[in-house]
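This report describes a single protein chain, beginning with the terms that the description relies on and then passing from its domains to its sheet, its salt bridges and a few single residues.

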Amino acid sequence: MIISEDIDIIRNHIKSWKTHGEKIGFIPTMGNLHKGHISLISSLKQAGATKIVTSIFVNPTQFGINEDYAKYPRTLDSDEKKLSEHNVDLLFSPSTDIMYPKNPLSRLIIEYPEYSNILCGENRPTHFSGVLWVVNKLFNIINPDIAIFGQKDYQQYILIKNMVKDLFMPITIACSPIIRESDGLALSSRNQYLSKQERLIAPKLYESLKEAKISIDRKLKISDIENNGISFLRRNNFLVEYFSIRRSNDLKKFDNNQPFSRSIIILAAVKIGRTRLIDNILLT
Ligand code: AMP
């Protein structure tokens with residue numbers, strides 16, 4: 001595996017692969033890799049990538065002021081080992097100075113009010129502009145043919161898909177399913193913040209989503225299903241940021257009087273103690 005934080009070196013490798021007809025697949029991450037991240041490698045190969053490029057960068061501009069940027073787990077050595085064992089071709093792991101050389105930072109804001117200010121964006125108002133900013137930089141460095149994102153961060157996937165379309169970027173954006181622990185908890189680097197007690201109740205987040213799916217199949221009213229989900233989570237000591245049933249193509253709300261279509265996503269964000277967890281279920 002080639003490992004570099006030098007943009008010119010990265011570009012030269014990718015340019016030469018492209019001239020040999022390789023299809024460049026890209027997985028951006030913040031590191032501290034788990035099986036969820038690793039699953040993106042095979043999804044990317046299935047989507048047609050012949051060279052796998054990953055990046056590890058804990059991006060400061062997507063964290064709010066009181067969020068966990070400083071304590072976010074950084075485990076570069078073991079991450080490199082995992083990627084190399086899974087036959088990744090290239091790892092770009094830049095420093096913050098390389099990604100953001102200007103000090104003070106001149107902020108590039110890509111606004112998507114209809115997508116960035118809802119759901120996770122309500123509680124994290126600067127988060128998605130930071131994500132789109134860094135993904136733009138990474139796309140310009142890597143120049144991938146396909147980039148893959150986890151369904152776990154579904155709102156992020158929708159935003160990036162729209163950005164790529166609106167900016168006429170010649171990149172296919174793919175989405176890969178959520179990998180879970182055996183008790184249903186979606187894998188996340190933030191799960192390690194949970195205390196033993198919190199870890200025991202954390203799978204109830206996924207339980208609440210599965211319950212909502214059953215209620216949708218029974219054609220219950222959307223607002224009732226959402227309220228039941230919120231009550232269930234509150235009874236289990238979660239602080240609920242949102243529990244929402246949306247159209248999966250554009251994250252818009254359903255009108256209560258409209259019949260359900262099948263393109264539905266049930267999304268939730270909660271806090272257990274100081275740890276924020278998100279999860280969702282897609283009904284296609
Ligand atoms: P992160 O390092 O948290 O920025 O995540 C990098 C990529 O991995 C994103 O596209 C995430 O959606 C994806 N990802 C994170 N957790 C999971 C999971 N449990 N299953 C599948 N993909 C995931």
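## Terms and basis

A residue is called buried when its relative accessible area is under 20%, exposed when it is over 50%, and partly exposed in between, with a 1.4 Å probe and protein chains only. The model is predicted, and local features need pLDDT of at least 70, side-chain atom pairs count only at pLDDT 80 or more, and totals for chains, interfaces and linings use all residues. Residues are numbered from 1 along each chain as its sequence is written, and side-chain values use heavy atoms, with hydrogens and water left out.

The chain is divided into domain 1 (2-176) and domain 2 (189-283), with bounds that come from an automatic or database domain assignment. Taken over C-alpha atoms, the centres of domain 1 and domain 2 are separated by 26 Å. In terms of contact (heavy atoms within 4.5 Å), 22 residues of domain 1 meet 20 residues of domain 2.

Between them, domain 1 and domain 2 bury about 1900 Å², 53% of it on carbon and sulfur atoms; this buried area is the accessible area (1.4 Å probe) that two parts lose on being put together, summed over both.

Helices (H or I, at least four residues) and strands (E, at least two) are DSSP runs, numbered from the N terminus, and two strands pair if DSSP finds at least two bridges between them. An open sheet of 3 strands has the order β7-β8-β9, with antiparallel pairing. Because β7 (239-247) and β9 (275-283) stand at the edges with a single partner strand each, one side of each is left without a neighbour in the sheet. Neighbouring strands of this sheet are turned by 10° against each other on average, direction ignored.

Strand β8 (residues 264-272) pairs with β9 in the antiparallel sense over 9 bridges, and Leu 267 stands opposite Asn 280 in β9. Helix α11 (residues 222-235) lies across β7 and β8 and runs at about 155° to β7, where axes are lines fitted to C-alpha atoms, for helices over the stretch in contact, and angles run from 0 to 180 degrees between N-to-C directions.

## Salt bridges

A salt bridge is a side-chain nitrogen of Lys or Arg within 4 Å of a carboxyl oxygen of Asp or Glu, and a search of the whole structure finds 11 of them. Arg 190 lies in the loop between β6 and α9 and Asp 68 in the loop between β3 (51-56) and α3 (76-85), so the pair ties together parts that are 122 residues apart in sequence. The side chains of Arg 190 and Asp 68 meet at 2.8 Å, N to O, and both residues are buried.

The side chains of Arg 276 and Glu 241 also form a salt bridge (2.9 Å, N to O). Arg 276 lies in strand β9 and Glu 241 in strand β7, so this pair ties together parts that are 35 residues apart in sequence. Arg 276 is buried, with a relative accessible area of 16%. In helix α3, Lys 81 and Glu 85 are 4 residues apart, about one turn of the helix, and their side chains meet in a salt bridge of 3.5 Å, N to O. Lys 81 is exposed at 55% relative accessible area, and Glu 85 counts as exposed at 51%.

## Selected buried residues

His 37, in helix α2 (residues 35-46), counts as buried at 17% relative accessibility. Leaving aside neighbours within four places in sequence, His 37 is in contact with Thr 29, Gly 31, Asn 32 and Ser 189. Leu 194 lies in the loop between β6 (172-176) and α9 (196-201) and is buried, with a relative accessible area of 11%.
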